[in-house]
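Please look over the structure below with its charged residues in mind.

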Amino acid sequence: MKCFSLALSTFAIAILLSCGQHKTYSGGVEAKDALSTYRVADGFKIEMIASEPLISDPVDMEIDESGRMYVVEMHGYPLDKSGSGRIMLVSDNDGDGIMDESTVFRDGLLLPTGILRWKNGVIVTDAPNVLYLEDADGDSKAEILDTLLTGFALTNPQHNMNNPVYGLDNWIYVAHEKAVSTIEYQEEFGDRGREITFPGDPAAPVLPTNANGRSIRFKPVDKKLEMTSTACQFGQTFDRWGHWFGCNNSNVGYHEVIANRYLEQNPGLLVADAVQNMSEYKGANEVFPITTNPDRQLLTDVGVVTSACGITAYLGNAFPEPYNANVTFIAEPVSNLVRADFYKDSGASFTAHRVVEQQEFLASTDAWARPVNCYVGPDGALYVLDYYRQVIESPEWMSKEAIAAGGLYNGSDRGRIFRITPTAMGKADWTKGLQLGKSSLAELVEQLKNKNSWWRTHAQRLIVDRGGDSAVPYLKKMLSDSSAVARLHALWTLEGLDKLSQEAIQNALSDTEAGIRENAIRLAEIHLQQYPDLSSHLVKLQNDANLKVKLQLLLTLGYVNTQQSQQARSNLLFKDIGDKWIQVAALTSSTSNSALLNDVLVRYSEREPAYATMVARLATMIGSTDEEKEVIELIQKAAANNGHGYGWQPSALEGLSQGLKRRKEPVALSLAMQQTLVNTFFNTRLDAIRSAAYHVIKVSGITDESLKKTSLQKALSIVNDKNKSDFTRALAVQFLSIGDAGEFSDVLSKIITSREPPAVQLAVVRTFSAIPGTTATNFLINEWRNLNSEVRTAAIQSFVTDVSRIKLLLSAIEEKKIEVTAVSFGTSVQLMLNKDSAIREKARVLFTKDKEDARRLSKEYQQALDLKGNAVAGREVYVKNCAICHQLRGKSGVAFGPDLGTVRNWMKEDILANIVDPNLSISSGFDLWSVELNNGEVVQGVIVSETAAITLRNNGQLDRTISRQEIKSIRSTNMSAMPSGLAKNISYQQMADLISFLREN
């Protein structure tokens, strides 16, 4: 789904809000003809089991143990908050497998997004609340409504929490992500959330505001509540061993490798990511729609994944190969299809690829068909929920023209649910009713070996819900069953009943099935205090052949503080140190960072880059959280011998500099230690160590005035010594900022105006920025014509660090001393969002002139559409103008912006409009976020990952990982990270050539 800015009048908003689901809309395809629009994979058939008028706007469903089918209807999307959401009960009265009656189970809901059978009712996600609904008197209507959790952000409905799932571990998981900023609909969807709480229970756990934008898991009865380590947009699923998979608009599947509870073990740990993207395809994930006359919004990413949702692992055991095992289905409503991916083990995580290349599992020719979710039923069929709307995008991200055309609610009186089965499978018979809910405990335990996970999960939930000891003998017997999934569910069901014995765990630790051993380790972790002898059994698994087992063991042993455990952790780390996730797991332990670092240094090998990574990470943790004594000892060790012969020293010093920045209380370095660092900086022959030593000195400072003075003079002499390398001189320039750089302004000014190497000039600009006031700013503005492009870019960055400098910059632009194009798009956005209203308004006037140019160019460049393009010549245009930010199918360029490999599916008009003004539309996942740090610094970029930290990427710069503790505020700018102005630089014929090249490749 697309993100781009718009301006919408109050009158238009009122019109949109007046549109509701109670109206009847024309257009689209009637339900009776819907099947004719669908194409399904070979070996399968499709039937429609429910449609309007029984249901409309379906987004999730649940079939309970009695065969009752609940359907969640979200009528309010995109803007209606009047309480039009409903839960419907649909039934098949004549037993033909097709639903023929529906009842309103509960109405008056806001924007419901998911449902789960629980206890005697259902759990429903409806931001800001997680609700429990129950029919107490058997009239098929829910009289009981309880709020289980509250505090979630009520934001754009695409991003509200959703899809509750009952996990193998008896926790309920809720998919969730951060609140999305809104410009046009602040009143409707500007809510940022509150603390997540169990209402009315002050003793229960509390999560931070909006759970820090991450998914959550909870136990309603036990009042347990936790954040997971990642976010998820809409839909989540588990494989049969309990591995969690999520998705978002542009990502068809990722695996949460390390749970949040482990990351919280070590407060100094800064992890950029805790999930593994599973797709084997580089760049954009292509889709292959068959839509006739697609109803695209402006610049919808046709041919590439842009609205992935409803990820569902197929565990129904009724499909033919290769669809029957290790397959996920992902809905893609913008492209009117459902995709199938095959996932396979890849070390500690998974990789995934299409089941059938260049072909979708299910696709429709109907532009209104909007598959949004999937469900595996008791018959093993795949049920696909079709939201059926003309428009699926949010108006926040649509053009004014598209909104003015109306149609935002067209189709809200419709909706379909399709049943996908092998061609030989008969009609659904569960619609006649199921007896699982009336089964005895012995019968329920038998269902734990059912090859369809629907039966296993419901049986486990029912046994745990009934409680007591009666099921225990049957479950213990099931622990020795030949079925691995039966043994697995028996273990977790006993755990849910609080009847799991030490013997059962020990036996499971030596199970022949790796998935059982992995889960047994998790179960042992829960019982380490109750059964302390389990730790000795755990360490015996350190030589296990399966990397997922070893990863879980490494994480769990972090809770065991024994010599045996620490030795086992060390063995696990160094045997597989090249695996990213093994490294992270080793760092989660609450044991000594310094002790682990010493182990790494003893085994250090320059031939294995993983060692340098581990040293840097550990040094960062030591610098940020360890005792001052340990910090000083590491500095002394890393700076010893003037940096000769130790390959780990640069990594250690760089890590320390990062850790010291985050440290709450500064470390006081002795004069001798300061002298050691200074000596290392000036005397080492290794640039990497010199740079790292400078970064430590910059953070810790030089407190002795005599040492500072002599060091600055020495640095100045290096600056003036042209026999030194460019890198050494540039570092010496930066070293001057440790003192009063203003004292050296005359020398630095001469460097700027002379023909010095770019590296030295850039260092001067950065040092200039450390000089208080505007003297350096005025100098750079006056010398603007003499500065090269790199220096100009650095100068702009120095200008935006201070309000007085920003005013000078804007005045210089207004007076045409500095070109508007000299300011990057990201920086212009930063200025247009400045808290100072005068700066903000002036910046908007200056930087939106390009919008007028874009509108003019759009009309002018229509001529290019009439010209015959030459794809060969277009390639040259692409390489020169586009490859700096984009790739084609993972090749030929820089992977910063969206991959352009599927632009061949776009209309020429769409490609032209996107080139002329890239901010009309922003590909999901490539929008620009603005992060203000506690120290006043503002950092912008595309968020590429987030856990307890976020990682920002901006083209031409190194990725930056920022701890949440450093962040004062974070918000989406609703703007693209792609700069504008390309169209000004190419002719009509070149535009035609470029379009031709993009459409033919």
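The sections below go through a predicted model.

## Strands 4, 5 and 6

Strand 5 covers residues 85–91, and 5 of its 7 residues are buried, leaving the strand mostly covered. Strand 4, residues 69–73, runs antiparallel to strand 5 and is joined to it by 5 bridges. In this pairing, Tyr-70 stands opposite Leu-89 of strand 5.

Strand 5 is also joined to strand 6 by 6 bridges, again in an antiparallel arrangement. Here Ile-87 has Arg-106 in strand 6 as its bridge partner.

## A negative patch

The loop between strand 5 and strand 6 (101–109) contains Asp-96. Together with Asp-94, Asp-100 and Glu-101, Asp-96 forms a negative surface patch. Patch residues need over 30% relative accessible area; Asp-96 has 33% and is therefore partly exposed.

The model has 33 salt bridges. One of them joins Asp-169 to Arg-522, with 3.5 Å between the closest N and O atoms. Asp-169 sits in the loop between strand 11 (162–166) and strand 12 (172–175), while Arg-522 belongs to helix 10 (residues 514–526), so the contact ties together parts of the chain that are 353 residues apart in sequence. Asp-169 and Arg-522 are both buried.

A salt bridge also forms between the side chains of Arg-487 and Asp-511, at 2.9 Å from N to O. Arg-487 is in helix 8 (residues 484–496) and Asp-511 is in the loop between helix 9 (502–509) and helix 10; the two are 24 residues apart, and the pair links distant parts of the chain. Arg-487 counts as buried because its relative accessibility is 10%, under the 20% cut-off. Asp-511, with a relative accessible area of 13%, is buried too.

## A partly exposed salt bridge and a network

Glu-814 and Lys-842 form a salt bridge whose closest N and O atoms are 3.1 Å apart. This pair links helix 27 (residues 803–814), which holds Glu-814, with helix 29 (residues 837–847), which holds Lys-842; the partners are 28 residues apart.

Notes
Residues are numbered from 1 along each chain as its sequence is written. This is a predicted model: local features need pLDDT of at least 70, side-chain atom pairs count only at pLDDT 80 or more; totals for chains, interfaces and linings use all residues. Side-chain values use heavy atoms; hydrogens and water are left out. Patches are made of residues with over 30% relative accessible area and no salt bridge: like charges are joined within 9 Å, nonpolar side chains (Val, Leu, Ile, Met, Phe, Trp, Tyr) within 5 Å. Accessible areas come from the Shrake-Rupley method with a 1.4 Å probe; for residues, only the protein chains shown count as cover. A salt bridge is a side-chain nitrogen of Lys or Arg within 4 Å of a carboxyl oxygen of Asp or Glu. Lys and Arg count as positive and Asp and Glu as negative; His and the chain ends are not counted. The place of a charge is taken as NZ of Lys, CZ of Arg, CG of Asp or CD of Glu. Helices (H or I, at least four residues) and strands (E, at least two) are DSSP runs, numbered from the N terminus. Buried means under 20% relative accessible area, exposed over 50%, partly exposed in between (1.4 Å probe, protein chains only). Two strands pair if DSSP finds at least two bridges between them.
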